Amino acid sequence: ENILDFNQSLNIVLDKSMDYQIAKQGLDVAEKKRTQYFRDLFPSVSLKLFEESKGKINNDYIRKSYGVEISQVIFNGGKFKFNYLRACSEYNAAHEKIKKAESDMVFNTNKFFYNALKFKNIYSDYDRIIKNLCANFKPFEKKYKAGFVAKLDYLETIDTYKELLFKRDDIGKERELAIIELKHELTVPYNKEINIDGVFDLKDKYYDIDKIIHNMLNTNPEIIYIQELLSAAEYGKKAASAEFKPSLFFDGYYNKTDEEEKRGDLDLENDWYAGLKFEVPFGGNTLKTEYSKSEAPGNITNTESKEKESFKVNLNILDSLGDYTKEAEAILDYKKQMKSMDDIKKQYILDAKKAYINFERNKNKFIRMKEKRELYENKVKVALFRINNNETEMLEMIKTYEVLLIAVKDYWESLFEYHMSITQLEILKGNIFIDNTPIKKDVPENKNNSSFEQEFKEVEGLMDKFDKRVQRNKIRIDRLLDILNKRKKEALG
């Protein structure tokens, strides 16, 4: 049987979650894309080696060349720079997407793990309370068999007692369902037995809603993710606008080349080219000019080197209409991201305010449920005291136990809700892995607890009265029991 705590459960989810693995793969793709656009900022350089031989006999013709080629964008309106910056923003967005996947897994694992832990604790308390009741129920059955309890009273008491047993068994089924849901979240086979171990580790939390919203807007991974996508869209818009600005390119090569009719030592000569290309887009057209100089070595028919200088002008008609479409799409994408940014901030601010209110409600509810549990635990003690002194009926005592079971369930339910409200606020703030410490024994008291104090004082007063009454009536009760036993023996005899 495997015993899991929260951190082990979270590690299982991180290892098996496809969403998390896809997010990490997305980061790897974004890194490659960023490297690609960074490379475009520098000259493109290639080395080449060429050798050719021909001839039917002994390869009597040979040509050989080796050298380097270079091309570089001198300026193009900042297009390559904006493409690189967009890739950087997309990389940052991919990184935040991983954090968002982590925060989702932390929240969901919290929900399913602590829900299962909640029902485990409820069942444990129910079982302990029922066993305590059983120990005090046996004397009642003896009294019934002895004829001191009316049959109708006995049946009604038994029915209420069985109802408590049913509630315990029903909580056991809810515990099983919670374990099944946890297995599903952990992708653990349903036939594999697991047992969870842990405590509700809570701090006494006091939040400032303004600080929560401030931290959230600056650290929450989903908000930063959308901000980075907005930044990427802005750079994309600038890159699309750069298509309408003049561009200047350089390209050239420098080789050593020679060719001979007969194989032998080659006399390598210079072979080079250098050119500038200037492009100006306007009205969907592109004006292209090119100036170049070159020198080529002679060949077997003409051994003299050839120098050449050229200047070209081309006007391409309506060849760049697609740039207008790209720019319009980039502007539209930017506006969509602006709307997404505005929507996500509004939604998160609303979620933060609701989460804060729920936190305050759940904290107060937990404090109140803790008080009620303590109250009814004391009432059960009083009921046990009274039943042992024949001052109350067994049915009344069982009903007190029944109320205690309700209070116990409410206590654990409120503790779970309090825990989840803290988890939600911490995740909204961007604190993905929450640093919890064990809950203090004395949770900050609710200021409005006067009713509980009054009830508890009433219980203490009842205890004092019972003590006095027991001392006064102890002898009389013993005598009464002796008389009843004698009459019972006489009737049976």
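Which residue follows α7 and has a positive phi? In this predicted model, that residue is asparagine 390, and its phi lies near 55 degrees. Helix α7 itself covers residues 321–388. Its 68 residues reach 97 Å from the first C-alpha to the last, close to the 100 Å expected at 1.5 Å a residue.

Along the way, α3 has a kink of about 30 degrees at asparagine 136, shortly before proline 139. After α3 comes glycine 147, with a positive phi near 90 degrees.

A further helix, α8, runs over residues 394–428 and contains histidine 419. Is histidine 419 buried or exposed? Its relative accessible area is 1%, so histidine 419 is buried. The side chain of histidine 419 is joined to that of asparagine 110 by a polar contact of 2.7 Å.

Strand β6 (residues 269–282) pairs with strand β7 (residues 285–296) in the antiparallel sense, and 11 bridges link the two. Lysine 277, for instance, has glutamate 290 of β7 as its bridge partner. Two residues lie between the strands of this hairpin, and there glycine 283 takes a positive phi near 55 degrees. Elsewhere, strand β3 (residues 61–75) holds arginine 63. This arginine 63 is partly exposed, at a relative accessible area of 26%. Although arginine 63 and aspartate 258 are 195 residues apart in sequence, their C-alpha atoms are 5.9 Å apart in space.

Aromatic rings come next, and the model has 14 aromatic pairs. One of them joins phenylalanine 38 and phenylalanine 42: the ring centres are 5.1 Å apart and the planes meet at 65 degrees, so this pair is edge-to-face. Both partners are partly exposed, phenylalanine 38 with a relative accessible area of 39% and phenylalanine 42 with one of 43%. The rings of tyrosine 114 and phenylalanine 200 have centres 5.2 Å apart and planes at 45 degrees, so that pair is tilted. Why does this pair tie together parts that are 86 residues apart in sequence? Tyrosine 114 belongs to helix α3, whereas phenylalanine 200 sits in the loop between β4 (194–196) and α5 (209–219), so the pair links those two parts. Tyrosine 114 counts as buried at 5% relative accessibility, and phenylalanine 200 counts as buried at 4%. Tyr114 and Phe200 also belong to one aromatic cluster, whose members include Phe6, Phe113, Tyr207, Phe359, Phe366, Tyr411, Trp412 and Tyr418.

Rings also take part in contacts with charged side chains. The charged end of lysine 48 sits over the ring of tyrosine 253, at 5.5 Å from the ring centre. Likewise, arginine 175 places its charged end over the ring of tyrosine 123, and here the distance to the ring centre is 4.2 Å.

Methods. Residues numbered from 1 in each chain as written. Predicted model: local features only at pLDDT ≥ 70, side-chain atom pairs only at ≥ 80, totals over all residues. Heavy atoms only, no water. Bend = angle between axes of the 7 residues up to and from the residue. Helix = DSSP H or I, 4+ residues; strand = E, 2+ residues; numbered from the N terminus. Buried < 20%, exposed > 50% of the residue type's maximum accessible area, 1.4 Å probe, protein only. Polar contact = N/O pair within 3.5 Å; in protein donor to acceptor, adjacent residues only side chain to side chain. Pairing = 2+ DSSP bridges. Phe/Tyr/Trp six-rings, centres within 6.5 Å; stacked < 30°, edge-to-face > 60°. Lys NZ or Arg CZ within 6 Å of the ring centre and 35° of its normal. Expected span 1.5 Å × (residues − 1).
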